[in-house]
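Here is a friendly briefing to read alongside the model. Please have the sequence and the viewer open as you go.

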Amino acid sequence: MNCHTIEKDSFIAGQSLPIDPMQKQTAVLTALTLIISCSFVLSATDTPETRRREAERYLQAGPPKAMFEDVADKMAANLPADQRQQFKRVMTTQLDIAALSKAMMDAMVKNFTTEELKALADFYGSPIGKSAMQKFGAYMADIMPVVQAEIMKAAAKMNH
């Protein structure tokens, strides 16, 4: 077997190691195979199971029940005073939170990648994400009257 001494391939400072060109080729092919295999494994982790796991983490960071209670509380502020308590009671006792949570979970698994869901769960689980989530009810309360008014205007145009 013919060996060549290649200093740039030396792993020991100041010494040259004999490297067979065939060994070098084999090492390069092995490294490329590992890199390709690793990238395939990483991209293959986007499955319904991994999406569901990350969606569960997201829903734990911002539980639907707490979110709907907050939205109901903030939206009630836009109603006449004599209707606020009844609205909050209906919105917090009559909504099927389990059905809403399942619908949210199914829609997240269908529409987002594992990586996206992981990012959402990481963000909403962080202090800044939790702070943003606490403001979501007020945000919805602010925009809901405008959304409703615009929907009513659009619906009225359909009848003309």
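## Arg-51 and its surroundings

Beyond the neighbours within four places in sequence, Arg-51 is in contact (heavy atoms within 4.5 Å) with Asp-46, Val-109, Lys-110, Phe-112, Thr-113, Thr-114 and Leu-117. This is a predicted model, in which local features need pLDDT of at least 70 and side-chain atom pairs count only at pLDDT 80 or more, while totals for chains, interfaces and linings use all residues. Residues are numbered from 1 along each chain as its sequence is written, and side-chain values use heavy atoms, with hydrogens and water left out.

- Arg-51 sits in helix α2, which covers residues 48–61; helices (H or I, at least four residues) and strands (E, at least two) are DSSP runs, numbered from the N terminus.
- Is Arg-51 buried or exposed? Arg-51 counts as buried, because its relative accessibility is 17%; buried means under 20% relative accessible area, exposed over 50%, and partly exposed in between, with a 1.4 Å probe and protein chains only.
- Thr-50 is also found in helix α2, and with a relative accessible area of 12% Thr-50 is buried.
- Not counting residues up to four places away in sequence, Thr-50 touches Thr-45 and Thr-114.
- Glu-115 belongs to helix α6, residues 114–125.
- The relative accessible area of Glu-115 is 66%, so this residue is exposed.
- Glu-115 and Thr-50 are 65 residues apart along the chain, and their C-alpha atoms are separated by 9.2 Å.

**The chain overall**

- The protein chain has 8 helices and 2 strands.
- In sequence order, the pattern of the protein chain is β-β-α-α-α-α-α-α-α-α.
- The protein chain has 160 residues, of which 20% count as buried.
- Take the contacts in the protein chain between residues at least 6 apart in sequence: 63% of them join residues at least 24 apart.

**Helix α3 against α5**

- Two packed helices are described by the angle between their axes and the distance between the axes.
- Helix α3 (residues 64–76) packs with helix α5 (residues 97–111) at an angle of about 110°, and their axes are 10 Å apart; axes are lines fitted to C-alpha atoms, for helices over the stretch in contact, and angles run from 0 to 180 degrees between N-to-C directions.
- α3 and α5 are therefore roughly perpendicular to each other; angles under 35 degrees count as roughly parallel, over 145 as roughly antiparallel, 65 to 115 as roughly perpendicular and the rest as oblique.
- The crossing of α3 past α5 is right-handed; a crossing is left-handed if the near helix is turned anticlockwise from the far one by less than a right angle, and right-handed if clockwise.
- Pro-64, Lys-65, Met-67 and Phe-68 of α3 meet Ile-97, Leu-100, Ser-101 and Met-104 of α5.
- The residues of this contact of α3 with α5 divide into 6 nonpolar, 1 polar and 1 charged; Ala, Val, Leu, Ile, Met, Phe, Trp, Tyr, Cys and Pro count as nonpolar, Asp, Glu, Lys and Arg as charged, and the others, Gly among them, as polar.

**Met-67 within α3**

- Met-67 lies in helix α3 and counts as buried, at 19% relative accessibility.
- Which residues does Met-67 touch, not counting residues up to four places away in sequence? They are Met-104 and Phe-136.
- Met-67 and Lys-135 are 68 residues apart in sequence, and 9.9 Å apart in space, C-alpha to C-alpha.

**Helix α3 against α4**

- α3 and helix α4 (residues 81–93) have axes 9 Å apart and pack at an angle of about 160°.
- That angle makes α3 roughly antiparallel to α4.
- α3 and α4 also have a right-handed crossing.
- Glu-69, Ala-72, Asp-73, Met-75 and Ala-76 on the α3 side meet Arg-84, Phe-87, Lys-88, Met-91 and Thr-92 on the α4 side.
- The contact of α3 with α4 is made of 5 nonpolar, 1 polar and 4 charged residues.
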